[in-house]
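This report describes selected features of one protein chain. It begins with a single side chain and then widens to a sheet, a helix pair and the chain as a whole.

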Amino acid sequence: MANCVCSLLIMVLYVMLLPSIIVTSIAPSSNYTSTNEEHQALLQSGWWYAYQNISDHCYWDGVFCNEAGSVTQIYPDYLSIPPLEELRRIQKLNVSAFPNLVYLDLNGMALTGTIPKEISTLTKLTYLVLSNNCLQGSIPVEIWNLTQLVELYLDNNSLTGSIPSTLGRLKNLVFLILDSNHIQGELMPKAFSNLTQLKHLDVSRNSLSGVIPSTLGELKNLEHLSLYSNKFEGLLPMEVGNLTQLKELYLSNNSLTGSIPSTLSQLENLTYLFLDSNHIEGRLMPKTLSNLTELKHLDVSWNSLRGVIPSTLGELKNLVKLYLQSNQFEGPLPIEVGNLTQLQELILSNNSLTGSISSSLGQLQNLTMLLLDSNHIEGKLMPKMFSNLTQLEQLDVSGNSLSGVIPCTLGQLNNLGHLSLHSNKFEGTIPSTLGQLKNLEHLSLHSNKLEGTIPSTLGQLGNLTNLSLSSNQITGPIPVEFGNLTSLKILSLSNNLLTGSIPPTMGRLKVMINLFLDSNQITGPIPIELWNSTGLILLNLSHNFLSGSIPSEIAQAYYLYDVDLSHNNFTILSPFLKCPYIQKVDLSYNLLNGSIPSQISCIHNLNLSHNFLKGEIPHISSEANSILDSLDLSYNNLTGKLHREFATLSYINLSYNSFDFSQDLESEFPDYCYFGEDSLISYHMPNFTSCYLTHINSVHQTNPRTKKGKPFMLIVLPIICFILVVLLSALYFRRCVFQTKFEGKSTKNGNLFSIWNYDGKIAFEDIIEATEDFHIKYCIGTGAYGSVYRAQLPSGKIVALKKLHQMESQNPSFNKSFHNEVKMLTQIRHRNIVKLHGFCLHNRCMFLVYQYMERGSLFYALNNDEEVQELNWSKRVNIIKGMAHALSYMHHYCTPPIVHRDVTSSNVLLNSQLEAFVSDFGTARLLDPDSSNQTLVAGTYGYIAPELAYTMNVTEKCDVYSFGVVTLETLMGRHPGELISSLSNSTAQNMLLKDILDARLPLPNLGKDTHDIMLAVTIALACLCLKPKFRPSMQQVVGQFSNFKLPLSLPFHEILIHQLMTPDMLSFIQV
C-alpha cells in the first residue's frame, strides 16, 4: 500500500514538472532563433561589414545586449558613414527584428529614406535618436505606439508634413526635439496638452504657422521652449507665464505681434529670453523685467518696440548679453545700465536714442562688445569712461552726431579688434595712440571732420585688415609705414587732401584686394612695386594729379577686376592691356597720347575718352576670346576708318574724333551706317541719310526689272542730281538769310525755331501739319507744364512734341520751366537721357521736338497688366541701371552738375527695346558752386527727399533719394510709399524680400537675376537713408551695379529686408 502511495506521488510530481521541462527544453531554441534574427538584421544592414569575423554580435561596436544575448541598445557612435548610397537607406536596418530594443541612436549617419513605420513595433523603446541625417517624408502617425518613449530626437533632417496629433499619447516624453526640418502646419493644442512630463520642446527652424497655442501653458515642467524661425503669428499667449520652471524661451524670427505680456514677469527662473525679429510693439514694461533676476541673455532686437529704455534693466544683475537694436527706442540711455557689472555684450544700434553716452558705462569692466551705432547720440567721447573698458573687443558708435576729438585713451583698449567711429562730427587729428591696438583688425574713421596728417604709428597695426579714413580733411603724405600692414585687405583714403606720392612700400601689402586713393592731391607716377599686390581686385586712383606712364606691370595683378585711373595727368599708355582679363578700366580725362594698344579685347568695359590718343582703332574681329562689351573713345584725335565690328558692342561712343567717313569702293554701305547716330556725334558728322538711300538703292538694283532702265538711269540720274544740288544750294542760302533775320529778331522778341542732329529735314509747317495744329487726338500724355504729342513726319519718322499750353505760356513759372528744359537738354548728351532734336520758342507757340519713345513711361508699363509681363526681372534691372547711368552723368560729368529734381516713374521713358531714358527736365537745376542752391520745393509727392520739407537746399542727394523710390517701384510694380514709411520699424524690416516683389511675375530662378535684385534693393535702401550724407552718390551706385557681389549666402527666398539694411551691408555699398 505504501509503495502504491509513493508511486502515485512520484507520478503527480512528474506531471506537474512536465510543462517546465518542456519549456526549458524549448526556450534555448526559441531564444537562439530570436538572437539569430537580430544577428542577420545587423549583418544585412551592411553597417557592421567590418565585424563579420566576430560571431557574437554583442561584441560589435555600438551593439549592447542583455544577459540573454538579445539586443537592447544600438548606438553605432564609432561607426563610419556607410560608403555606398544604397547602404545609407535607413530601411537597410530591419528594426522589427529587435523586440527588446530600449535605446536606438542613429545620429549623424547620413541616412536617407523615410522613417520606417515598423519602428512603432519597438514597444520597449525609451530613447530614439535619428538626428543629423537626410531623412524625408512625414513623422509616422504609428509612433504613438512607443508609449515608453522618454526622449525623441528627429532634428536636422528634411522631414515634411505636420506634427501628428498622436504624439500627445506619449505621456512619458521628457525631450521632444524636431528642429531644423521642413515641418508645416500648426501646433495642435491637443498634441501637447497631455505631455505633462515634457521638459524640453524644440520645433525651431521649420515652417510651422498659426498662433502659439495657449495650452503650452499647461506643460508645468517645461524648462526649455524653442519655437524660433517659423511662421508663427498673433500674440504671445499670456499662459506662457504659467511655465514657472522655464529657463530658456526662444521665439525669434517669427511674425508675432502685440506687446510683451506682463505675465512673463512670473518666469523667475528664466535665464535666456529671445523675442527678436518679430513685429512686437509697445514698450518694455519695467515691472515685467524687474522680476527676471536670473536673466543672463535678453534679446528683443528687430521689433517695433518704442519709448524709453526702462531704468529697471539695471536690476538684472546677472545679465551677460543685452540686445535692443533695430527698434524705436528713444531718449537717453539710462545711467542704471552701469549697474550691470556682469554685462559682456551691449547692442543698442539703429534706434532713436538721444543725449550723450552715459559715463556709467565705464563701470562695465567685463564689456567686450559695445554697439551704439545709427542713433542720434550727441556730445563727446569721455576719455575716462573708455580707460576702464579694458576687455572691450568691439566698439561701434558710428552714424551718430558725436563731436569733439577722438580720445587718446582708446589706445589703452588692448583687446580691441573692431573700432568704428565713422559718420560723426569728430574733428582734430587721429590720435597716434591708436597704433598701440595690436589686436585691431577693423578701423573705420571715415566721414568725419578729421584734420592733420595720418600718424605713422598706424603702421604698427600688423593685424589690421580694413582701414577706412576717407571723406575727411586729412593732409600730408601717405605714411611709408603703411607698408608694414601686411594683413591689410581694404584701404580707403579717398576724398581727403593727401599730397605727395604713393609710397613704394605699398607693394608689401600682398593680400590687399581693394585700394581707394581717389579724390586727393597725390602726385608722381604709380610705383612699380604696387603691382606686387597680386591679389588686387578693385583699384581707384582717380581724381588726383598722378603722372607718367601706366606701367605694364599692372598685368601682374591677376585678379584685378576694376581699375579707375581717370582724371589724372597720365601721358603714356603702356601696352599693359593684356590678358588675364580685366572687367573694367577707366583711363578717361588724362593726357594720354600715342595709339591704342591692340589688346583692348581683354577688357569688358574700357573708357579712354577725353585724352589725346591718335591713329586708328585696332581691329578686334580676329580675337576669338574677346570680352569687350563697352567702349568709350570719345574726345580724342583718332583717325582712319571705322571698324564695323565695334557696332555690335552693347555700348560704343566714338564721338568727337576725326574719323574718315568716306565709303570704300568695294563696300556696299559706309562703315558708319552700322553705328547709332549718338555714338558718332562730332562737329562734322557723317551723312546718315545716305545710309537710308544706299539701302533703298541696293534693294532696287537687285530687282531684275530695273536692268532694262540702267542706260536711262546712267544718263538722267546725273542731270537730276545736278538740278537737286542747285535747288538745295539756293534753299540753303535763302534759309541762312532767313535765319539771320529770324535770330536778329529773336533778340528782340525771344523767338527761335531750331532743329539739329536729325535724319532728314523738319520744317515748322511739317510739325503743324503732322499734328493738325496740335489736335487732341495726337496727344499721348500731359506733363507738369505741357502736353506731349505724337507726330509722324513726311519722311515717315516719328517724333514726340512737348507743347506748352496756351494758357500756361502766360505763366512766368511754366515759361521759365520750358526754357529751362531747352537749356538743360542742349547741354547734355547721354544714351540714357532722352534726345532733343530741336525746339521752337515763340511767344504764341512753344514746343520741343523729342526722340519718340514707343513704350511710353515706366509708370504706364508698370500699371498695365499686359505690358508688365514683358518687363521681366532682367529688363527691370537694366532699366534701373539705365536711370543710374543717366543721373550719374548729370551729377558727376556735367559742369556745373545738374540736379533733375523730379525723378519719377512717369519721367522715365522706354523705347521699343524697353531701355530707360530720363526725361522731363523742366524743374532741373544747375548747381552753382558759388551760390547757396536754395530754391522752392519742386518735384512729385512721394518721390521728394524728406529733407526738402525743412530745408530748401538742393543737392544731388535729392535725386539719389528719388532714384531709390523709383528703383523699389520698378521691382515692386507699385509705388513703395507704404514700405518706405515703415522702414524705421521691424514691420517692414522682417518682411521677406520675395514678398515685396511684383507678384505678377514668377520669382527669379536665375542666379544673376536674384543677385541683381538683391543688389538693387540694397542700393535702393541705402539711397532712402533719411540723412542725405549717408546716401551713396550716383557714381557709387553705378560702380556697385558694375562691380560688386553681395556677401550673402542665404537662399533668395529666405532673405529678409533687414538683412539688406545692416550697417555692414550699407557700408559695403558705399565703399
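## A serine and its surroundings

A polar contact of 3.4 Å links the side chain of Ser226 to the side chain of Asp202. The model in which this pair is found is a predicted one.

Ser226 lies in strand β9, which covers residues 224-226. Is Ser226 buried or exposed? Its relative accessibility is 2%, and because buried means under 20%, Ser226 counts as buried. Leaving aside residues up to four places away in sequence, Ser226 touches Leu201, Asp202, Val203, Ser204 and Tyr250. Asp202, one of these residues, is also the partner in the polar contact described above. A further relation concerns His200: 26 residues separate His200 from Ser226 in sequence, and their C-alpha atoms are 8.4 Å apart in space.

## A parallel sheet

Strands β8, β10 and β12 form an open sheet of 3 strands, in that order, with parallel pairing. Strands β8 (209-210) and β12 (255-257) stand at the edges; each has a single partner strand, so one side of each is left without a neighbour in the sheet. In general, strands of a sheet pair through backbone hydrogen bonds, either parallel or antiparallel. Here, β8 pairs with strand β10 (residues 231-235) in the parallel sense, over 2 bridges. Within this arrangement, Ser209 is placed opposite Lys231 of β10.

## A helix pair

Two packed helices are described by the angle between their axes and the distance between the axes. Helix α11 (residues 956-972) packs against helix α15 (residues 1007-1023) at an angle of about 145 degrees, and the axes are 8 Å apart. The crossing of α11 and α15 is left-handed. The residues that make the contact are set out below.

| Helix | Residues in the contact |
|---|---|
| α11 (residues 956-972) | Val960, Tyr961, Phe963, Gly964, Thr967, Leu968, Leu971 |
| α15 (residues 1007-1023) | Ile1013, Ala1016, Val1017, Ile1019, Ala1020, Cys1023 |

## The chain as a whole

The chain contains 17 helices and 52 strands. It has 1071 residues, of which 51% count as buried. Its accessible surface comes to about 48,400 Å², and carbon and sulfur atoms account for 54% of that area. Among contacts between residues at least 6 apart in sequence, 54% join residues at least 24 apart.

Conventions
Residues are numbered from 1 along each chain as its sequence is written. This is a predicted model: local features need pLDDT of at least 70, side-chain atom pairs count only at pLDDT 80 or more; totals for chains, interfaces and linings use all residues. Side-chain values use heavy atoms; hydrogens and water are left out. Two strands pair if DSSP finds at least two bridges between them. Helices (H or I, at least four residues) and strands (E, at least two) are DSSP runs, numbered from the N terminus. Buried means under 20% relative accessible area, exposed over 50%, partly exposed in between (1.4 Å probe, protein chains only). Contact means heavy atoms within 4.5 Å. A polar contact is a pair of N or O atoms within 3.5 Å; within protein, one must be able to donate a hydrogen and the other to accept it, and residues adjacent in sequence count only if both atoms are side-chain atoms. Accessible areas come from the Shrake-Rupley method with a 1.4 Å probe; for residues, only the protein chains shown count as cover. Axes are lines fitted to C-alpha atoms, for helices over the stretch in contact, and angles run from 0 to 180 degrees between N-to-C directions. A crossing is left-handed if the near helix is turned anticlockwise from the far one by less than a right angle, and right-handed if clockwise.
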